[in-house]
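Reader: I would like to go through this structure by its terms. Please set each value against the definition behind it.

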Amino acid sequence: MKKFSFLFIALASILAFTLAGCSNDNPSSVSGAKGDSGKDKTNIELWHSLSGDNGKNFEKIVDEFNKQSDDVHVKAVYQGGYTDTITKIRAVGDKEVPALLQASGTNRKYLAESDFVKPMQDFIDDEKFDTSGIEENVLNRYTIDDKLYSMPFSSSNAIMLYNKDMFKEVGLDPESAPATYEDIEVASKKIKDKTGNVGFSFATIGWYFEELLANQGELYLDQDNGFSGKPTKTLVNEEGGQKIFKWLDKMNKVGTFKNYGSNYEDPRAPFLAGQLAMYLDSSANVRTMVDQAPFEVGTAPLPVPKGVEPNGATVGGNSMYITNKLSDEEQQAAWEFIKYTVSPKVQAEWAAATGYFPVTKDANGESALTEAYDKYPQMKTAVEVNSNTPATPEMSGPLSDEGEQFRTIIEAAQEQVYEGTDPKKALDDAAKKIDELLE
Amino acid sequence: MEITNSNEAAAKRLRKKEWKLFGTGMLYLLPAIVFMAVFLFYPIVKTLYFSFFDVTGGGVTERFVGLKNYAKLLSSQEFLQSMKATFLFVLYVVPGEIIISLFLAVIASEKLKGMGFFRTIFSSTLGVSVAAGATVFLFMFHPSLGAINNVLGMVGIGPIEWLTSSNAALISIAITTIWMHIGINFIILLGGLQNIPEEMYESAKIDGAGYYSRLFKITIPLLSPVLFFVLIIAVIGSFQTFGQIDLLTGGGPNNSTNLIVYSIYQQAFSFGHFGFASAQAIVLFVIILIVTILQFRYGERKVHYQ
Amino acid sequence: MKKKIIIYILLIVSAFLLFAPILYAISASFMSPKDIYAGKLFPSEFNFDAYREVMDSIPLLHFLWVSFVMSFMAMVGQLVLSSLSAYAFVFIPFKGRNLIFFLFLSTMLIPWEATIIPNFLTILHLNWLNTYQGLTFPFFALPFGIFLLRQHFMTLPKELWESAQVDGCSRLRFFFKFALPLSKSSLSALAVYGFLTTWNKYLWPLLVTNDDSVRPVQIGLKMLIAQEGSSQWNMVMAAVVMILLPTLLLLFIGIKYIREGLTAGAVKG
């Protein structure tokens, strides 16, 4: 009994008195943290959202940077998904930001307007850094009012993947994928009739709608997608958007389209299992799919409605920001890292390892990448689409700090259509909600 | 005169003693009060405060908007839908988990060989985290790989669109939630059953009461205080469901699983509308408060205290 | 006899149904990706690759250690705070204690997600990011635990306290000599409950830590699930199994205490 009470008192006092002193790291030094290596180096922190294999490959790039740099040590810290990272940033506000922040394009407006981001343009101008080597349409996505706010790092776009073996089986030409909505309908019908499989699908993620709309060369918001002023109205329910919704509704009703869910994951499994012939995916995942599929995988650009010229694809993926709350020395250190990440060698390595396409044009000539493309010719589709994409507001995606919520609204509208709501009504309702947010 | 004096003195002494008792009591409560004040009372007050403002990240209040957030809330279709889904969810989950746990507790309260093993299994879901449990169900509900559809397919049922149809998704979340709550409910109910004195049954047996009449005439009434406790915890727990939604459906399809807590999280963190989210949190708090008070008022009457 | 057989059948069927998700996770963790995509229920051959890959991908053992320290700390804090408060509510007849008790209880109604922002800001201002106190302090005051122990203390015979007073036993001594030792079962129950619920926290640790050295294992699970890329389900299931093992073991060992303890609390309710 005595022992018991002793233990209790001991634990209680440990808690009460010693804990206050047991904080291991002084958190105010997010940036100047005692580095794991190198005392003289400037230590900076980088928050990112790359998990799984991509996370591992990213760590590798950071390690290589640290090895070759004499002055800078970057510590990459995973912060959960893109939303989790932004959550944290929103909560921290301007108090505890890391030197470097990786974020998805949906949040680019919020971050650009926040008071803790230093525009990338400042560093570029100070040093007269030449950005002409970087893909113009990619830069355009992150440029607001002629200022580049963040440096693109990983770029992907949406493309179509299809099962070549299944195409052969039903007598479709495996070398020419359907390019229009109508062609997809016809091909899907054939597939359904001959094999019972689903013809076409994509995950219910608002990004795909943005991509399909951009490919038609249509705007999502007025004021040039928000690039030339504060948007007042959405254009998603104009003709372009209606065509997408009508098409989905038509195919869904005859059973050649199927909704598998709202995660990137969801259509992949049925595709790999040979139950689905064509689907849209992020180009970042092409390599993995080719590796995993027990059949030959083909890739093709996004489809368009008949009679519309394809314009290309909006850039997805992420970019990196430098924050302004830390010392000049730390900001410079962050800039060093940024420059490293857009070097052709790193971009080639990163693209080859992941399936993102390089943001630096010269990376395409690097042997690391050409070898990967030889082995996985399917990866080239995304690069070709990107290099043909003009640098226009239409192709840069909607610019608004409500971008996340727009997607949620569009996703819900798509789901309504899949469950029988009239496509025009669903899209008009969605547009109304988006308009309310713009007010 | 003297009497009043001594009375006064006594009263004084009494008061002094009461103050002393109060002081001692507070001394023991002090640690809990400090922690509660900082991490529970302060946040709820702050949330209330936020609900009258436009709030940006870092908790910076941008401008006072009065009741605008609340007005927006009540006129918002999504919120009304979210309320409806929440109540529907509570209606699925609470009876479901209590009936199943009670059934398990009843069959596990028999004195049979090897019962320890079964009791352990029945309690096991208490040791399953939301993250792990929901991940397993995400895989099981998978439209093409999932075990559930595969097994159902073997007996000619399905495939069911567990997570992609708005009719089924809420039920799928409810199934997951019930499964995760069974462990704790089972443990509490089994304990309650074992505390029912043996003599009650023996006298009933002598009277010739059958199994079912014993179950409904003795077991359930005597168990009612425990059942009531379980009910309160279950209602609160299901109102506050979050993790499984985040992992399984993200509130979809078509907002059918966008329960209030998830909507709070989404508004605050994904969309950055902290003030609007705070107003929702306050409304949710009030709803749970009312439901709990109602349960105490009307539910506890039916509880049979020994 | 017939009744016995029926009960055994019911027990076995229920146990199987209830445990099926965990069994399935274990089964899937040994599958090759090919088995997974074929939608199999059992692996065609036992394959430990998934476990190996998980160990390579994240510092799992370290995460487990952090989870352990974090859960243990929260557990101790909850025990101390809950037992002190419950003791005051039961054995110190001061005025207003019922009011304070119900005020405490009402905090059970607060949705935790709603308090996250203010709590996070508090931790931030205290400079407690990346510390164990930041991870655990918000969970120290556990109304459920106070409730549970209060109900248990109320079952202790009043005479015990009266006779102790006659013997000149101080309040504090009574607390340590009688109240606590006589409540071992409830305390153990609370301990296991507190440990498990803290172990299972996910969102909070993600917010208040920026550093893998103070991150618990639930975040590790998230790190394995790719966002835009493909998740490898066998790997994810292997991670799930490894995360479940410690808590299930603890539960299996502690089940006896937890049952006794929770019972004592709830019955009086």
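Reader: What makes domain 1 and domain 2 of chain C separate domains?
Author: Chain C is divided into domain 1 (1–47) and domain 2 (51–268). Those bounds come from an automatic or database domain assignment. The model is predicted: local features need pLDDT of at least 70, side-chain atom pairs count only at pLDDT 80 or more, and totals for chains, interfaces and linings use all residues. Residues are numbered from 1 along each chain as its sequence is written, while chains are lettered from A and ligands numbered from 1 in the order in which they are written.

Reader: How many residues does each domain of chain C give to the contact, and how do you know that they touch?
Author: Domain 1 of chain C gives nine residues and domain 2 of chain C gives eight. Two residues are in contact if their C-beta atoms, placed from the backbone, lie within 7 Å. The domain centres, taken over C-alpha atoms, are 31 Å apart.

Reader: Which helices of domain 1 of chain C supply at least two residues each to the side that touches domain 2 of chain C?
Author: Helix H1 (2–29) and helix H2 (33–37) of chain C do. H1(C) gives the most, with five residues.

Reader: How is the side of domain 1 of chain C that touches domain 2 of chain C divided by class?
Author: Seven of its residues are nonpolar, two are polar and none is charged. Ala, Val, Leu, Ile, Met, Phe, Trp, Tyr, Cys and Pro count as nonpolar; Asp, Glu, Lys and Arg as charged; the others, Gly among them, as polar.

Reader: What share of chain C is called buried, and why?
Author: Buried residues make up 57% of its 269 residues. A residue is buried because 20 or more other C-beta atoms lie within 10 Å of its own; with 12 or fewer it is exposed, and in between partly exposed, with C-beta atoms placed from the backbone.

Reader: Which residues touch the most other members of the largest nonpolar core?
Author: Tyr87(C), Ala239(C) and Val240(C), out of 300 residues. Helix H4 (residues 60–91) of chain C gives the largest share of this core, 18 residues. Such a core is a set of buried Ala, Val, Leu, Ile, Met, Phe, Trp, Tyr and Cys residues joined through C-beta atoms within 7 Å.

Reader: What is Val240(C) in contact with, leaving aside neighbours within four places in sequence?
Author: Ala132(B), Thr135(B), Val136(B), Ala25(C) and Leu221(C).

Note on methods. Helix = DSSP H or I, 4+ residues; strand = E, 2+ residues; numbered from the N terminus.
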